[in-house]
Amino acid sequence: MWVESVLDAPKVQVQIREKLQLLIDEANRFPELSEVMVDAFRKLSFGNLKLLASEESKLIRRFREIAYPLEFNPKPPPNWSPLRPIDERWADEALSRTLIIGVDTSEITPTPHISPVFLLVNVGYQAVLYGRKSIYLEGSTPFFYASKEIVEEFKGRRRVPAWILEVKRIEDELRVIRDLVGKAPKGEATLALFDESFSMGYLMARSKEFRSKVVSAMLSLHEELKNLNVIPVGVFYTRSRAFTFSVIRSVVCGSKVCSECISSGEELECRRLASIRDLILFDKALELGWRSPLFEVKSQLTSEFSELKVVGFYLKVGASNVFRVEFPSWCADHVDFIHKGVLAQSIIGRGYPYILERAHERAYISSRERAWVLTYIDRLLRSSGEARLSLSGKFRRKLRGVV
């Protein structure tokens with residue numbers, strides 16, 4: 001049966017055309033504004049940071065997150081030479097005798113449309129010890145949780161807490177890495193890459209209990225990996241303006257008082273410049289393969305959980321391809337090794353860490369596999385002679401698809 005589209009295409013076209021200039025400005029990365037920001041970034045110095053330090057809590061309340069610079073100049077990759085290209089040969093040499101682990105997850109989550117309740121977390125992984133004859137370990141490890149393992153009592157009724165998926169995902173990633181470190185041949189150093197933010201600013205939209213549970217799980221992961229001599233690193237794309245805000249306040253507006261500007265009623269330069277995301281700033285300011293100055297993440301979350309100390313940098317791996325790299329502050333002395341490792345992985349992966357691409361492929365649960373899990377659970381329940389899997393009508397229709 002033919003189903004007519006519900007999208008009114010002509011109306012969409014009209015609205016897109018009305019806002020075409022806004023799209024052009026952003027697609028071109030705000031050329032006039034970005035040049036101002038790059039110039040301001042190059043003037044950053046210790047003297048500029050007095051305002052950031054004195055107004056830290058006020059700036060965090062206003063901007064939610066700032067990047068507090070710990071350095072001021074972009075850095076080339078270790079062993080870099082302008083006479084030699086940064087290519088796959090460089091990447092192989094950079095990773096020699098290093099064990100790199102990548103993990104990612106996919107889940108079948110609890111839903112009111114399925115009874116009995118369960119959670120399935122599939123952790124995909126790849127581990128590579130680079131050398132003359134590189135050694136590879138890859139695959140996926142599933143973790144199945146029945147209702148009693150994930151349901152809690154709350155005000156006299158049973159529920160699946162909102163934080164359970166995030167916590168189990170982190171705990172299961174740790175279990176897989178711990179197992180891989182025990183199985184894999186030892187390298188001179190071990191790097192574990194995650195496709196996620198360690199500063200976790202997104203948690204501020206969740207409840208205090210949710211934040212506390214997830215932060216606790218993340219801190220435990222970092223501490224255990226530290227004990228295993230593994231350096232954990234989060235690699236991700238972001239729309240953050242944390243570094244941009246720091247440059248604006250400490251350089252562009254360094255001689256001004258925010259309250260006086262706001263009350264003047266004039267169009268504020270800081271608001272115009274805030275259109276420049278960190279990725280745009282560093283796409284303009286960095287050469288290929290270089291990283292931004294190291295910075296400490298200061299946010300509403302790090303203010304609430306003082307033990308959560310995260311540092312990071314931005315890395316340019318291609319034209320218009322810049323991502324953020326984060327790690328616990330105790331890894332700061334390894335910043336050159338992290339820079340080299342993530343860049344080399346991104347060269348091998350043609351723009352994104354190869355090891356994370358492979359981990360994602362291994363973690364993915366297809367729609368066919370999801371249907372198989374449900375069918376298998378139903379078959380076992382029926383064979384017990386006492387129960388069966390119950391699916392809502394809406395969920396059954398989703399499984400069949402709309403014909």
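This is a predicted model: local features need pLDDT of at least 70, side-chain atom pairs count only at pLDDT 80 or more; totals for chains, interfaces and linings use all residues.
**View 1. Lysine 298 pairs with glutamate 56.** The two residues form a salt bridge. Their closest N and O atoms are 3.5 Å apart. Lysine 298 sits in strand S10, residues 295–299, while glutamate 56 belongs to helix H5, residues 56–63, so the pair ties together parts that are 242 residues apart in sequence. Glutamate 56, at 24%, counts as partly exposed.

**View 2. Glutamate 296 also pairs with lysine 298.** Here the closest N and O atoms of the salt bridge are 3.8 Å apart. Lysine 298 is the residue that forms a salt bridge with glutamate 56 in View 1.

**View 3. Lysine 316 pairs with aspartate 283.** This salt bridge brings an N and an O atom to 3.5 Å from each other. Which elements does the pair tie together? Lysine 316 lies in strand S11, residues 310–318, and aspartate 283 in helix H13, residues 278–285, so parts 33 residues apart in sequence are tied together. Lysine 316 is buried, with a relative accessible area of 11%. Aspartate 283 is buried too, with a value of 12%.

**View 4. Four charged residues form a network.** Salt bridges link Glu138, Arg358, Glu361 and Arg362. Across the whole structure, there are 28 salt bridges.

**View 5. Helices H8 and H9 run roughly parallel.** Two packed helices are described by the angle and the distance between their axes. How do H8 and H9 cross? Helix H8 spans residues 164–183, and helix H9 spans residues 208–227. Their axes come within 9 Å and cross at roughly 10 degrees. The two helices are therefore roughly parallel to each other, because angles under 35 degrees count as roughly parallel.

**View 6. Side by side, H8 meets H9 through residues from both helices.** On the H8 side, the contact uses Glu166, Val167, Ile170, Leu174, Ile177 and Arg178. On the H9 side, these meet Phe210, Lys213, Val214, Ala217, Met218, Leu221, Glu224 and Leu225. What kinds of residue make up this contact? The contact of H8 with H9 has 10 nonpolar residues and 4 charged ones. No polar residues take part.

Terms used: Residues are numbered from 1 along each chain as its sequence is written. Side-chain values use heavy atoms; hydrogens and water are left out. A salt bridge is a side-chain nitrogen of Lys or Arg within 4 Å of a carboxyl oxygen of Asp or Glu. Helices (H or I, at least four residues) and strands (E, at least two) are DSSP runs, numbered from the N terminus. Buried means under 20% relative accessible area, exposed over 50%, partly exposed in between (1.4 Å probe, protein chains only). Axes are lines fitted to C-alpha atoms, for helices over the stretch in contact, and angles run from 0 to 180 degrees between N-to-C directions. Angles under 35 degrees count as roughly parallel, over 145 as roughly antiparallel, 65 to 115 as roughly perpendicular and the rest as oblique. Contact means heavy atoms within 4.5 Å. Ala, Val, Leu, Ile, Met, Phe, Trp, Tyr, Cys and Pro count as nonpolar, Asp, Glu, Lys and Arg as charged, and the others, Gly among them, as polar.
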